Amino acid sequence: MNGRQVMRTVRMTEVCRIGHDHGMPQGNRIGLLVVVTGVFMLSLDVTMLDIVLPDFATAIGANPTEISWIADCYNVALAGLILVGAGLGGRFGQRRVYLLGLVIFGVGSIVAAIVSDPVALIAARTVMGIGAACLAAPAVALTGLMFTGEQRTRALAAWAAASGLGLGVGPIVGGLIISVANWRWIFLILLPFVALMYVVGRASLPAGTSDDRPPLDMAGAVLSALALIPLVAALLQVPDLGWSNPWVLAGIAAGLVLLAAFAIRETRARAPMIDVRVLRIPAVSATALALAASYVGFLGRQFLGAIQLRGDFDLDPVLAGLVLTPWAVLYWIGARVGASLSVRVGAGTVILSGLAILTVSCGVLALLSTSSPVWVAAGMSLSGIGCGFITPVGVSLMLSSTPDSLLPTSSGLSMVVRYGGGAVGLAVCASAVAVGMSAPWGYLAAGALVLVLGLGTAGFLRRGTASARLAAG
């Protein structure tokens, strides 16, 4: 890493400094509010349902596998299609795709609120995930179009804060809604915001179009969209069929083959959705694994914690949501502390420390969570610090280590690995719980995944350090 890149890495700490810039033009501030609100909504919807899944099971007669799909299909669609959304934004305009995402998200929410069948609800949640992918993909690009320099840094900080806040407060929002209204209001509550953001967004967001419109890699889009489906489907069938079942093994193999085919396709496409050259940068590969681990550790265990608090301890939705909410506060603290520490000890050390904390928190939950909700809260809170160390610092390190020509790829990759990791992690945790007949098995599975990904992260960071020393020598 040369001196210029080091300086860019140091500056990444500014990503965690959230402030208000009075120099921002009024129109751009409104546009940023639209983008931030959209990101908040899609993040909120990732965790808001966890706390009310038992109510869904009772209301619509969903079995455990269907409940897992209701929770995870949104993540699968979001992760699988986010690159497609990015490609569509570059081809047809960022504002147009963002507004389309709002419409799709709203339609999916309406359908989810009126159906009474588990399969129909899974389909509606998938539609919501498609809309979320169209929201998330152009969000960074629109922010970049509206702001430059320090204003862009602050705008991206607001974007990141909205995402983390939505994930963190989702359980308490879901608990409050289900305590005072029918479960269908979980989906209806966001519709007024969707409508308002659509109207305001049409007037305030930049078009984001240019004469140089890259062609959409259709083969890559199809492979990207399909790769996660057989993998997650196979993992969710493990409780019913077992690990050695031919259908389970075939599904896992199909998912891995499709992922490999996507990677090969991207090396040959004239306008690839992901420029795989970015993965040759050790810091990018390392942070990709670390970001995947952070969402494995968070989304998988958030799902388990919610089920455990509502089922094993019989807590009401609001109290269960409050037990999980401290994660958001400690995530924010972890992000601030991690950014400050990264200047002193380096981003890689902070990220590895976060992975270690995340692994320890899985162990705490596996060993002690069955004794009291207090230990569930303690384990989840500890993971908030770990995720706060990993996610903002990791995204910043990935972007600061990437040449300007590959920044769109790194931006898309950072989102794919997070939500893709979360989708796979949730499926693995749910399957482990069903096989072991207790939540600690799920926490152990999450901890094992985080540990493996953490070792890979350490290997790539070490490789990058060795390369930098050779270059300096």
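The lining of the second largest cavity comprises 6 nonpolar, 2 polar and no charged residues, where Ala, Val, Leu, Ile, Met, Phe, Trp, Tyr, Cys and Pro count as nonpolar, Asp, Glu, Lys and Arg as charged, and the others, Gly among them, as polar. The model is a predicted one, in which local features need pLDDT of at least 70 and side-chain atom pairs count only at pLDDT 80 or more, while totals for chains, interfaces and linings use all residues. Residues are numbered from 1 along each chain as its sequence is written, and side-chain values use heavy atoms, with hydrogens and water left out.

A cavity is a set of points on a 1 Å grid over the protein atoms alone where a 1.4 Å probe fits but cannot get out; lining residues have an atom within 4 Å of a point. The second largest cavity has a volume of about 40 Å³ and is lined by Leu167, Ser294, Tyr295, Phe298, Trp327, Tyr331, Cys387 and Thr391. Helix H12 provides the largest share of this lining, 3 residues, and H12, helix H14 (326-345) and helix H16 (373-400) each supply at least two. Helices are DSSP runs (H or I, at least four residues) numbered from the N terminus.

The largest cavity holds about 60 Å³ of space. Its lining consists of Val39, Leu42, Ser43, Ala136, Trp159, Ser163, Met415, Arg418 and Tyr419; by class, these are 6 nonpolar, 2 polar and 1 charged residues.

Tyr295 and Tyr419 form an edge-to-face aromatic pair, 5.4 Å centre to centre with 75 degrees between the planes. Rings of Phe, Tyr and Trp (its six-membered ring) pair if their centres lie within 6.5 Å; planes under 30 degrees apart count as stacked, over 60 as edge-to-face and the rest as tilted. This pair links distant parts of the chain, with Tyr295 in helix H12 and Tyr419 in helix H17 (residues 407-436), 124 residues apart. Both Tyr295 and Tyr419 are buried, that is, under 20% relative accessible area with a 1.4 Å probe, protein chains only. Elsewhere, Phe56, Trp183 and Phe187 form one aromatic cluster.

The largest nonpolar core has 139 residues, and Val35, Phe56, Ile70, Leu78 and Phe187 have the most contacts inside it. Such a core is a set of buried Ala, Val, Leu, Ile, Met, Phe, Trp, Tyr and Cys residues joined through side-chain atoms within 4.5 Å. Leu78 touches Leu42, Gly129, Ala132, Ala133, Ala136 and Tyr419, not counting residues up to four places away in sequence, contact meaning heavy atoms within 4.5 Å.

Technical notes: Buried means under 20% relative accessible area, exposed over 50%, partly exposed in between (1.4 Å probe, protein chains only). On a 1 Å grid over the protein atoms alone, a cavity is a set of points where a 1.4 Å probe fits but cannot get out, and a pocket is an open set with protein on both sides within 12 Å along at least five of seven lines; lining residues have an atom within 4 Å of a point. Grid points are joined across faces, edges and corners, and a volume is the space filled by probe spheres set on the points.
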